[in-house]
Amino acid sequence: MSELDFAPFLLSFKLAAITTLILFIIALPVAWWLSQTKCRCKPFVEAITSLPIVLPPSVLGFYILFALSQNSPIGAFFEQTFGIKLVFNFTGLVVASCFYSFPFMVQPLQGGFETLNKNMLEASYIAGKSRLQTLYFVALPNIKPALITAIIITFAHTVGEFGVVLMVGGSIPNETKVASVAIYEAVEIMDYKTAHIYSLIMLSLSFLVLLGVYLFNRRHNKRIGV
Amino acid sequence: MIELSLQKKLQGSHGAMHLDVNLEIKEHDFVALSGKSGSGKTTLLRIIAGLEEAQGEIIVSEKIWQNSKNYLPTQKREIGFVFQDYALFANMSVLQNLLFVSEDKKLASHLLELTELTELQNRLPHTLSGGQKQRVALCRSLMRRPKILLMDEPLSALDMEMRNKLQDDILKLHKEFGTTTIMVSHDPSEIYRLANRVVMLSHGKIMQDGTPKEVLLQTKGSQKFSLKGELLDILKADVIYIGIIAIGQNIVEVVMDEAEAKTFKIGQSVHVNTKAFAPSLSH
């Protein structure tokens, strides 16, 4: 046990925490807009935001790798302007994870906003409040279960990603070697003991996270009398 | 003075409909908007509130709320709105619901006192009864001291007793705050008690406009009284016919001759009236 390396887990959690934070900021306005808009383009935007759910991670990883590498305009721009490389390092992983986990943040939030009583939001506008004030003071506090679900599922899903991470990050210890990749490598070199321990940790954590979400939602629903 | 001249194409339950309303309302008036469902009442209210767009003009006390060039957003219109389903902010207590609209604590406690809600001010909406919720919504709608108070069937989800109580509250607040109130309602007794003007809409157009007495009283000419009902059945009894008619919650019988019985169809809406004698009241 003494030689067991927990660095991949720390890296996974760091990646998931940063990704969740960034996605919360980016996905919140998107989810709010999708829930309120009557625009004809809504199905297209919905289809694009949901793509990462159905695309094989290798396809997503391949495109991200292609787009961010030094040979592409985006990758070249970041390297020349900011001196940042976007592939095979932690920054690249964050960017890739944000694409990969985007729908897991958007969809629960959008679903939550859509179940809100429209008249309640209108009452806020009539009270003279802007859309932003209505979002923060009326909409968000009334979709707490959806909010918690979105944050936890995004976090857990990012911890659990494998294909995209492998494609974009490779397996550089302390940089891109996250837990799921570490398990894959342990199995590959037939270190089943390590693979077992890592896998059991992942399984337990995933279960506890989901249990936490469902317990919270149950308690919340009881409290507000649903 | 509130001047409305509004046009909008609507998709109603009976196909396309053209809402076309020209209306002038005096300040401090209490106007009841009535008419069958799908006649455009709620839409008209929502257009005045800026919740739905329409062509035309809204001018309130010489201030343009909307015309072909300008469109004042909902937030800038000085209105209060009471929804049929209360639409309280579920995450806020009774008092917070009021203070979210305006920080005026004095006004909030005054309103809560008037409507006997002071005891409940720290409760969350889901712990209140329907009548209590609607009283909170009524108080909340007045927190900005609105020029126009719009109410969309505010009492239709409540029982009779609660309606009477809230009608008193509405009247009290309408007078104290001097708002111009426009209320959608189907209930003739409610309209008679509260409004000084009734506007009847049908298929998006104004069909009748007058005092509640002019519009609601159904008697014509020498008729002493007239009640609207639904013909439920026609029974033959020897040589005469008896029509069974539902009026409100009551069922009555009316004698008909054979010729009359042939002109009426079961299920049709009829007026029951009498000229020969005056009806009397009893307990």
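Student: How many helices and strands does chain B have?

Tutor: Chain B has eight helices and 14 strands. Keep in mind that this is a predicted model.

Student: What does the C-alpha trace of chain B span along its principal axes?

Tutor: The trace spans about 75 × 50 × 30 Å.

Student: Into which domains is chain B divided?

Tutor: There are two entries to look for. Domain 1 covers 2-216, and domain 2 covers 225-274. Their C-alpha centres lie 38 Å apart.

Student: How many residues of chain B count as buried?

Tutor: The figure is a share. Chain B has 283 residues, and 34% of them count as buried.

Student: And what about contacts between residues 24 or more positions apart in chain B?

Tutor: Take the contacts with a separation of 6 or more. Residues 24 or more positions apart account for 65% of those in chain B.

Student: Let me try one residue. Where is the place of K9(B)?

Tutor: K9(B) sits in strand β1 of chain B, residues 2-12.

Student: Is K9(B) buried or exposed?

Tutor: Count the C-beta atoms around it. K9(B) has 12 other C-beta atoms within 10 Å, so it is exposed.

Student: Which residues does K9(B) touch?

Tutor: Leave out residues up to four places away in sequence. K9(B) then touches A16(B) and H18(B). K9(B) and A54(B) are 45 residues apart in sequence, yet 8.4 Å apart in space, C-alpha to C-alpha.

Student: Now chain A. How do I read two packed helices?

Tutor: Two packed helices are described by the angle between their axes and the distance between the axes. Start with α2 (residues 42-54) and α5 of chain A. Their axes come within 7 Å and cross at roughly 115°.

Student: Why are α2(A) and α5(A) described as roughly perpendicular to each other?

Tutor: The angle decides. Angles of 65 to 115 degrees count as roughly perpendicular. The crossing is at roughly 115°, so α2(A) and α5(A) are roughly perpendicular to each other. Handedness comes next. α2(A) passes α5(A) in a left-handed crossing.

Student: Which residues meet there, in α2(A) and α5(A)?

Tutor: From α2(A), find T49(A), S50(A), P52(A) and I53(A). They meet F99(A), Y100(A), F102(A), P103(A) and V106(A) in α5(A). By class, this contact has seven nonpolar, two polar and no charged residues.

Student: What angle and distance describe α3 and α5 of chain A?

Tutor: Here α3 is residues 57-68 and α5 is residues 90-115. Their axes come within 11 Å and cross at roughly 135°. α3(A) and α5(A) are therefore oblique to each other. The crossing of α3(A) past α5(A) is right-handed.

Student: Which residues meet in α3(A) and α5(A)?

Tutor: In α3(A), look for L60(A), G61(A), I64(A) and L68(A). Their partners in α5(A) are G92(A), V95(A), A96(A), F99(A) and Y100(A). This contact divides into seven nonpolar, two polar and no charged residues.

Student: Last topic, the contact between the chains. How many residues does each chain give?

Tutor: Interface size is often given as the accessible area lost when the parts come together. Here we have residue counts. The contact takes 17 residues from chain A and 16 residues from chain B.

Student: Which elements give two or more residues to the side of chain A that touches chain B?

Tutor: They are α6 (118-126) and α7 (131-139) of chain A. α6(A) gives the most, with six residues. The residues on that side of chain A divide into nine nonpolar, six polar and two charged.

Terms used: Residues are numbered from 1 along each chain as its sequence is written. Chains are lettered from A and ligands numbered from 1 in the order in which they are written. This is a predicted model: local features need pLDDT of at least 70, side-chain atom pairs count only at pLDDT 80 or more; totals for chains, interfaces and linings use all residues. Two residues are in contact if their C-beta atoms, placed from the backbone, lie within 7 Å. Helices (H or I, at least four residues) and strands (E, at least two) are DSSP runs, numbered from the N terminus. Ala, Val, Leu, Ile, Met, Phe, Trp, Tyr, Cys and Pro count as nonpolar, Asp, Glu, Lys and Arg as charged, and the others, Gly among them, as polar. Axes are lines fitted to C-alpha atoms, for helices over the stretch in contact, and angles run from 0 to 180 degrees between N-to-C directions. Angles under 35 degrees count as roughly parallel, over 145 as roughly antiparallel, 65 to 115 as roughly perpendicular and the rest as oblique. A crossing is left-handed if the near helix is turned anticlockwise from the far one by less than a right angle, and right-handed if clockwise. Domain bounds come from an automatic or database domain assignment. A residue is buried if 20 or more other C-beta atoms lie within 10 Å of its own, exposed if 12 or fewer, and partly exposed in between; C-beta atoms are placed from the backbone.
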